[in-house]
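Student: I would like a close look at a single part of this model, with the surroundings brought in where they bear on it. Please give the cut-offs as you go.

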Amino acid sequence: PTEASIHTSRSFLFKNAFFEGDEPVALIEFNPDYMHLEPMGLAMIAAWGAWCKRNNKEIEVRNISKRTDYAARMRVFQQIGIEYNRTITEHEEIGRFLPLRNIKTQNDIRAVLADVSALLHLHDNPDSLATVQYCMSELLRNVIEHSGSPDGAFVCAHNYTGRGPHRVTLAVADCGRGISQHLGKVYPDIIGNDLAALRLSMLPGITGAIPGMYGTSDNAGAGLFITRCIAKGTGGYFEIISGKAAYRLRRANTDEQSMLF
């Protein structure tokens, strides 16, 4: 999971078989020389770990050491049900990061949005804050309303303020039915075609949703489309993975910097 990031996602996804094989043991192997994990990797571990437990797979973790304390602080082992016997110093999280959290209800979403607001330090910029809250709300609502996952969504975030460019990374993951199965109820031709499903899911007005905190049924179904547009317009990154397909938007305002694979 230390290799999981938007920039390396293609090789990471191709080199791992998350849901294939009949082995009773599922393996997480941390890099013994590198400690950092992106929110993308953290959220994927938590969702995959819940799927393993649901399917009676034992989870084995290799290379636990001082370097995995960050993963423990982000609640990885707690979420996947693995006892972590090392003592860690828990630094204050407010304004710096959002540890892994399991989201199953609208009330859970409201609590996360409040914590993300503290993470962003945008109280003097309400428009920017509302924009990020909207994106996060839509991503989480998509899971609760469409995925069919009994485990809900797993979310985490990190505010990187050290050396290099200032950035905030948000990640949401689930192990539900997948986009092609969900949209296939209305568009049966795309069942099993994950590439076609991803293309369709990012068009406005496709999925539809239950009216919620942001907007009504009049503008429902545009969450992924708007989130991608916001990422593109602000020079940020965006990635969505479902089934055997992924869409990645890199930091650029040109279509040449996006990739569907």
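Student: What covers the buried residues of H5?

Tutor: This is a predicted model, in which local features need pLDDT of at least 70 and side-chain atom pairs count only at pLDDT 80 or more, while totals for chains, interfaces and linings use all residues. Residues are numbered from 1 along each chain as its sequence is written, and side-chain values use heavy atoms, with hydrogens and water left out.

The cover of the buried residues of H5 includes S3, helix H6 (126-147), S4 and S5. Helices (H or I, at least four residues) and strands (E, at least two) are DSSP runs numbered from the N terminus. Contact means heavy atoms within 4.5 Å, and buried means under 20% relative accessible area, exposed over 50%, partly exposed in between, with a 1.4 Å probe and protein chains only.

H5 itself covers residues 106-120. Its 15 residues should span 21 Å at 1.5 Å a residue, and the end C-alpha atoms are 21 Å apart, which agrees; the expected span is 1.5 Å times one less than the number of residues. The buried positions in H5 are Ile-109, Val-112, Leu-113, Val-116, Ser-117, Leu-119 and Leu-120. Viewed down the axis of H5, these buried residues fall within an arc of 155°, so they line one face of the helix; the arc is that of the directions from the helix axis to the C-beta atoms. Just after H5, His-121 has a positive phi of about 55°. Most residues other than glycine have a negative phi.

Next, the strands. S3, S4 and S5 form an open sheet of 3 strands in the order S3-S4-S5, with antiparallel pairing; two strands pair if DSSP finds at least two bridges between them. S3 and S5 are at the edges with a single partner strand each, so one side of each is left without a neighbour in the sheet. Direction ignored, neighbouring strands here are turned by 10° against each other on average. S4 and S5 run antiparallel and are joined by 7 bridges; Tyr-160 has Arg-167, in S5, as its bridge partner.

H5 lies across S3, S4 and S5 and runs at about 170° to S3. H6 also packs on the sheet, where it touches S3, S4 and S5, and its direction makes about 15° with that of S5. Axes are lines fitted to C-alpha atoms, for helices over the stretch in contact, and angles run from 0 to 180 degrees between N-to-C directions.

Not counting residues up to four places away in sequence, Leu-42 touches Leu-37, Tyr-70, Met-74, Val-76, Leu-100 and Cys-156. Ile-28 lies in strand S1 and is buried, at a relative accessible area of 4%.
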